[in-house]
Amino acid sequence: MQTPQILIVEDEHVTRNTLKSIFEAEGYNVFEACDGAEMHQTLSENNVNLVIMDINLPGKNGLLLARELREQGDMALMFLTGRDNEVDKILGLEIGADDYITKPFNPRELTIRARNLLSRAMNQGAPTEDKKQVERYTFNGWILEINSRSLVSPDGEHYKLPRSEFRALLHFCENPGKIQTRAELLKKMTGRDLKPHDRTVDVTIRRIRKHFESIADTPEIIATIHGEGYRFCGEIEEA
């Protein structure tokens, strides 16, 4: 397995050096950037697997840069920031971040979360011995393309899904009709355990539903099961 490559986008020199030391001690290759220009330059020259980014950056802030990342790249994205209000966290997840950690942070928790994201990012698409490899799922006129990680609408519109949305929708398609708890979904999406007041799953489901709502008369694809979680109600067509 290749050595994971991480890009730290942080304008505060001491914090950036601390993060670099933490991840190099884990055996990762670590790149650094202090703003968006350096970030894009590094990404153009290296195959980065995970971007860890602050929100408060000179020039374009982390939220704007995250939008650009989601349009251009396919790497995992984690926000590590001092902005700890709920609005910023939800907005970060809405944009497509895979995780959101606030400063001050616990180095051990940070490395565990990063390892989980890297594992899923770098192993995505690898076939398993006990599960038939599937290229796409078709349901109610929609298509989930596995290799391109795209959702295709009945009228041919392609939506490139952020990693968390793709993992959640893929898990639903693999388990149609079965109730999925928030804890199960979060584990599939990020590899971490659900904590009180964590809205990552709900934000992700809301984003997925927006795609389905773009087509008039689309039946309910993901139902909320109050007190339990969510259930995929799409009619999967046989390949």
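Biologist: Is Tyr-28 buried or exposed?
Modeller: This is a predicted model, in which local features need pLDDT of at least 70 and side-chain atom pairs count only at pLDDT 80 or more, while totals for chains, interfaces and linings use all residues. Residues are numbered from 1 along each chain as its sequence is written, and side-chain values use heavy atoms, with hydrogens and water left out. A residue is called buried under 20% relative accessible area, exposed over 50% and partly exposed in between (1.4 Å probe, protein chains only). Tyr-28 has a relative accessibility of 11%, so the class is buried.

Biologist: How are the rings of Phe-23 and Tyr-28 arranged?
Modeller: Rings of Phe, Tyr and Trp (its six-membered ring) pair if their centres lie within 6.5 Å; planes under 30 degrees apart count as stacked, over 60 as edge-to-face and the rest as tilted. A search of the whole structure finds six aromatic pairs. For Phe-23 and Tyr-28 the centres are 6.1 Å apart and the planes stand at 25°, so the arrangement is stacked.

Biologist: What is the relative accessibility of Phe-23?
Modeller: Phe-23 is the ring partner of Tyr-28. Phe-23 counts as buried, because its relative accessibility is 0%.

Biologist: How are the rings of Phe-139 and Phe-232 arranged?
Modeller: Both residues are buried, Phe-139 at a relative accessible area of 0% and Phe-232 at 1%. Their ring centres lie 5.1 Å apart with the planes at 80°, so the pair is edge-to-face.

Biologist: How many residues apart are Phe-139 and Phe-232?
Modeller: Helices (H or I, at least four residues) and strands (E, at least two) are DSSP runs numbered from the N terminus. Phe-139 belongs to strand 6 (residues 136-139) and Phe-232 to strand 12 (residues 229-232), so that the pair links distant parts of the chain. Their separation in residues is 93.

Biologist: How far from Cys-173 is the nearest cysteine sulfur?
Modeller: A disulfide is a pair of cysteine sulfur atoms within 2.5 Å, and the structure holds zero disulfides. For Cys-173, the nearest cysteine sulfur is that of Cys-233, at a distance of 12 Å.

Biologist: Which class of accessibility applies to Cys-233?
Modeller: Cys-173 is buried, with a relative accessible area of 3%. Cys-233 has a relative accessible area of 32%, so its class is partly exposed.

Biologist: Which residue has its backbone nitrogen 3.4 Å from a polar atom of the side chain of Asp-98?
Modeller: Asp-98 lies in the loop between helix 4 (86-95) and strand 5, and is buried at 0% relative accessible area. A polar contact is a pair of N or O atoms within 3.5 Å; within protein, one must be able to donate a hydrogen and the other to accept it, and residues adjacent in sequence count only if both atoms are side-chain atoms. The residue whose backbone nitrogen lies 3.4 Å from the Asp-98 side chain is Ser-164.

Biologist: Which residue caps the N-terminal end of helix 5?
Modeller: Helix 5 (residues 107-123) has 17 residues, and its buried members include Leu-110, Arg-113 and Leu-117. At its N-terminal end, a side-chain oxygen lies 2.8 Å from the backbone nitrogen of Arg-108. The residue that carries this oxygen is Asn-106.

Biologist: What is omega for the cis peptide bond that joins Lys-103 and Pro-104?
Modeller: Most residues other than glycine have a negative phi, and most peptide bonds are trans. Pro-104 is found in the loop between strand 5 (99-102) and helix 5. A cis bond joins Lys-103 to Pro-104, with omega at about -5°.

Biologist: What is phi of Asp-217?
Modeller: Asp-217 lies in the loop between helix 8 and strand 11 (222-225). The residue is exposed, with a relative accessible area of 79%. Although Asp-217 is not a glycine, its phi is positive, near 70°.

Note on methods: The expected span of a helix is 1.5 Å times one less than its number of residues.
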